[in-house]
Amino acid sequence: MKLTVFGATGGVGHEIVRQALASGHQVTAVVRDPARLTVDDPALQVVTAGLKDPEALRPAVAGRDAVLSGVGARAIKHAGVATTCTRTILRALEAEGVRRFLAVSAAPIGPVPPDETLLLRAVTPLISRVYRDVYADLTAMEDEIRRSTTEWTVVRPPKLTNKPMTGRYRTALGANLRGGNAIGRADVAHAMLRMTDDASTLKQAVGVAY
């Protein structure tokens, strides 16, 4: 496929680029600082652009089979970036008629499983209070995505780690996973690439965790 990846220098985005190239896809990586992208491949096109002007992004998404985004706040002080940048990306996709869009959100945006473990029932509200601005940003981002004309999928992982890719994890449509307290960034990328052509995930928020 021809894919475009936003947030390509972040943890999940970098893994999406690396794994997509390894699978034989053509990848366009949109970055602000190309020096931070350590991947090199003949099938990789690097586009340097900010995420404020939809018109500037149109060439990077035109004719693509799917667009994947790992854009999000790197710290609490950056809360707001997910909504603002995703809105710009969506306008570019709609202008070019690109339909398939996948984005990373977070598990606390979704509902708590009715049979959730006592530990996670106690810890999740505390984490949500600490990161409330980040999660408010992601909630607003998801609202923007739902209002778009794209065939979207939102992926909601719990705590992200740097564990190597295993390809072994659980997913749930429209729900979080009981006891799902962590997943490696590489496996989130793996899941997103698998979902790219999975019709069952269209217009769904998908929980993913070990």
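Which residues in α1 meet which residues in α6? The legends below take up this and other close-up views of a predicted model.

**View 1. Helices α1 and α6 meet in a right-handed crossing.** The residues Gly11, Val12, Glu15, Ile16, Gln19 and Ala20 in α1 meet Arg185, Ala186, Val188, Ala189, His190, Met192 and Leu193 in α6. The axes of helix α1, which spans residues 11–22, and of α6 come within 8 Å and cross at roughly 55 degrees, and that makes α1 oblique to α6. Arg18 is also found in helix α1, where a relative accessible area of 37% makes this residue partly exposed. Between the C-alpha atoms of Arg18 and Phe101, which are 83 residues apart along the chain, the separation is 18 Å.

**View 2. Helices α3 and α5 pack with their axes 7 Å apart.** Helix α3, made up of residues 81–96, and helix α5, made up of residues 132–147, pack at an angle of about 15 degrees. Because angles under 35 degrees count as roughly parallel, this angle makes α3 roughly parallel to α5. The crossing in which α3 passes α5 is right-handed. On the side of α3 the contact is made by Val81, Ala82, Thr83, Thr86, Arg87, Leu90 and Arg91, and on the side of α5 by Asp137, Leu138, Ala140, Met141, Glu144 and Ile145.

**View 3. Glu144 has its place in helix α5.**

**View 4. Tyr131 and Tyr135 form a tilted aromatic pair.** A search of the whole structure finds 1 aromatic pair, and in this pair the rings of Tyr131 and Tyr135 lie 6.2 Å apart, centre to centre, with 55 degrees between the planes. The two partners fall into separate accessibility classes: Tyr131 counts as partly exposed at 37% relative accessibility, whereas Tyr135 counts as buried at 15%.

**View 5. The charged end of Lys163 sits over the ring of Tyr210.** The distance from this charged end to the centre of the Tyr210 ring is 4.6 Å. Tyr210 is also one of the residues in contact with Ala182, the subject of the next view.

**View 6. Ala182 lies in strand β9, which comprises residues 182–184.** Once neighbours within four places in sequence are left aside, Ala182 is in contact with Pro158, Lys159, Thr161, Ala209 and Tyr210. One of these residues, Thr161, is 21 residues from Ala182 in sequence, and the distance in space is 7.0 Å, C-alpha to C-alpha. With a relative accessible area of 16%, Ala182 is buried.

**View 7. Val47 is found in strand β3, which comprises residues 44–48.** The contacts of Val47, leaving aside its neighbours within four places in sequence, are with Thr28, Ala29, Val30, Val31 and Ala60. Because buried means under 20% relative accessible area, Val47 counts as buried at 18%. The C-alpha atoms of Val47 and Ile16 are separated by 16 Å, and the two residues are 31 residues apart along the chain.

**View 8. Leu120 has its place in helix α4, which comprises residues 118–130.** Apart from neighbours within four places in sequence, Leu120 is in contact with Pro125, Gly179, Gly180 and Asn181. At 14% relative accessibility, Leu120 counts as buried. Leu120 and Asp187, which are 67 residues apart in sequence, are 21 Å apart in space, C-alpha to C-alpha.

**View 9. Lys203 lies in the loop between α6 and β10.** In this view, α6 covers residues 185–195 and β10 covers residues 204–209. Phi of Lys203 is near 55 degrees, a positive value in a residue other than glycine. Most residues other than glycine have a negative phi. Lys203 counts as partly exposed, at 49% relative accessibility.

Notes:
Residues numbered from 1 in each chain as written. Predicted model: local features only at pLDDT ≥ 70, side-chain atom pairs only at ≥ 80, totals over all residues. Heavy atoms only, no water. Phe/Tyr/Trp six-rings, centres within 6.5 Å; stacked < 30°, edge-to-face > 60°. Buried < 20%, exposed > 50% of the residue type's maximum accessible area, 1.4 Å probe, protein only. Lys NZ or Arg CZ within 6 Å of the ring centre and 35° of its normal. Axes fitted to C-alpha atoms, helices over the stretch in contact; angles between N-to-C directions. Helix = DSSP H or I, 4+ residues; strand = E, 2+ residues; numbered from the N terminus. Parallel < 35°, antiparallel > 145°, perpendicular 65-115°, else oblique. Left-handed = near helix turned anticlockwise from the far one by under 90°. Contact = heavy atoms within 4.5 Å.
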